[in-house]
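Please look at the sequence and the model before reading on.

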Amino acid sequence: MTFLPCSSGVFRRTNLPPMEIQLVLTVIFVVVSATVAADYVRPLPRKALQFPWDLKPASYPQQVHISLAGDKHMRVTWITDDDSSPSIVEYGTIPGRYDNLAEGESNSYSYLLYSSGKIHHTVIGPLEDNTVYFYRCGGEGPEFQLKTPPAQLPITFAVAGDLGQTGWTKSTLDHIGQCKYDVHLLPGDLSYADYIQHRWDTFGKLVEPLASTRPWMVTQGNHEKESIPLIKDGFESYNARWKMPFEESGSSSNLYYSFEVAGAHFIMLGSYADYDKYSDQYRWLKMDLSKVDRKRTPWLIVLFHVPWYNSNKAHQGEGSDMMEVMEPLLYAANVDLVLAGHVHAYERSKRVHNGRSDPCGAVHITIGDGGNREGLASRYINPQPEWSAFREASFGHGELKIVNSTHAFWSWHRNDDDEPVKSDDIWITSLVNSGCVEQKRHELRNLHMIP
Ligand SMILES: *[C@@H]1O[C@H](CO)[C@@H](O)[C@H](O)[C@H]1NC(C)=O
């Protein structure tokens, strides 16, 4: 199968603009996907948001977002309709005064009848830690501000997957906007553009208020794929618009990479990139895991889209193949926490490995409940598996506060009538001083991860 749909009722055709030839192809794909759709009930998704037409000059920077780009650096990404607009970012620590200037690169892409604007990617830095910077893109337009993450723990992450652009998305983003956090983590499924390219642009506008102020670190989901047999490989729009620091982390693909921030090493895997033992992703993962220094980064956290531990009936078993190949590596390396999306509900596991709870395994959290138009996945396998600690089908977001080298506080906040209500929380202690590390030395050797 080349395309994994989340549901059958994917498109509301009345929402589509007229004249979209892409619609024809879309309908073909919907028909194909409907035949393999999951059977869960989705109560009351909210409507897609309306985006008023705004008349701005063609050189006006749009859809500004930032991402971490190696030690003390940040990548600023934005789009202009004007092809001659320069890829420069002016920045400094005082409003209106830009003592620094960086120049970057740009790209663009076409997708059937759609042509993107000029997509600018400019890396700025070296930047001070935990510092507010003011910046301007392309030499004009409004001033934005960002805050760099701290160099040391504590640090806080906001987590929301499967966002889309509906009323529920807005509710989730509003709640995240009320939090104090340093970095946003997104385990796949961003815009739900699903071949309709201008929806990537409206998504970019929707998230700009948050994504221009804190780094957004994302990985791909099935809704980013947008492949068309013989015409388009997958992930063209996603890769062009959401460039992540894969080069900085020795990866050859934007679909998997790693980064370090404060005391945590993050690995972003690709559920939709090859992951078998002979794949580049597998080789890269092994290499990246063996570079982790738990003295420098006592926390090891992994994100990908399709959950391995899922007791929801939606997408049941879809992650098994990847889990079979890659879980031994993550286990041997003492991964603390795995964050996934895809299933439109929330679930948290105990520490688990090989299908059973295990004090030396990772905690797995599915947080695919950001608010997309497909609605919630509310049918569960009963009885609840022994490894599953908490599950609920509601929209919401997560917050991960890593307090120090041994303790992190995880909480999940449900969108309850538009109020963020904390519904689940737990202290997670890192495996670093747990005795698991010593126990697993032979596994690391067997996997050729240490000599
Ligand atoms: C880490 O934080 C936890 C929770 O606040 C606290 O109980 C523990 O003493 C801290 N450990 C260190 C080494 O500071």
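Q: How do you know that domain 1 is in contact with domain 2, and how many residues take part?
A: In this predicted model, two residues are in contact if their C-beta atoms lie within 7 Å. By that criterion, 24 residues of domain 1 are in contact with 24 residues of domain 2.

Q: Which elements make up the side of domain 1 that touches domain 2?
A: The elements giving two or more residues are β1 (62-68), β2 (74-80), β8 (118-124) and β10 (144-147). With seven residues, β1 gives the most to this side. The residues there divide into 12 nonpolar, 10 polar and two charged.

Q: Why does the radius of gyration of the chain agree with that of a compact globule?
A: For 451 residues, a compact globule would have a radius of gyration near 22 Å; the chain has 21 Å, and therefore the two agree.

Q: What makes a residue count as buried, and what percentage of the chain is buried?
A: A residue is buried if 20 or more other C-beta atoms lie within 10 Å of its own. Of the 451 residues of the chain, 49% count as buried.

Q: Which residues are around the ligand, and how do they divide into nonpolar, polar and charged?
A: The residues around the ligand are Val403, Asn404, Thr406 and His407. This shell divides into one nonpolar, three polar and no charged. Val counts as nonpolar, so Val403 is the nonpolar one.

Key. Residues are numbered from 1 along each chain as its sequence is written. This is a predicted model: local features need pLDDT of at least 70, side-chain atom pairs count only at pLDDT 80 or more; totals for chains, interfaces and linings use all residues. A residue is near a molecule or strand if its C-beta atom, placed from the backbone, lies within 6 Å of it. The radius of gyration is taken over C-alpha atoms; the globule rule is 2.2 Å times the number of residues to the power 0.38. A residue is buried if 20 or more other C-beta atoms lie within 10 Å of its own, exposed if 12 or fewer, and partly exposed in between; C-beta atoms are placed from the backbone. Helices (H or I, at least four residues) and strands (E, at least two) are DSSP runs, numbered from the N terminus.
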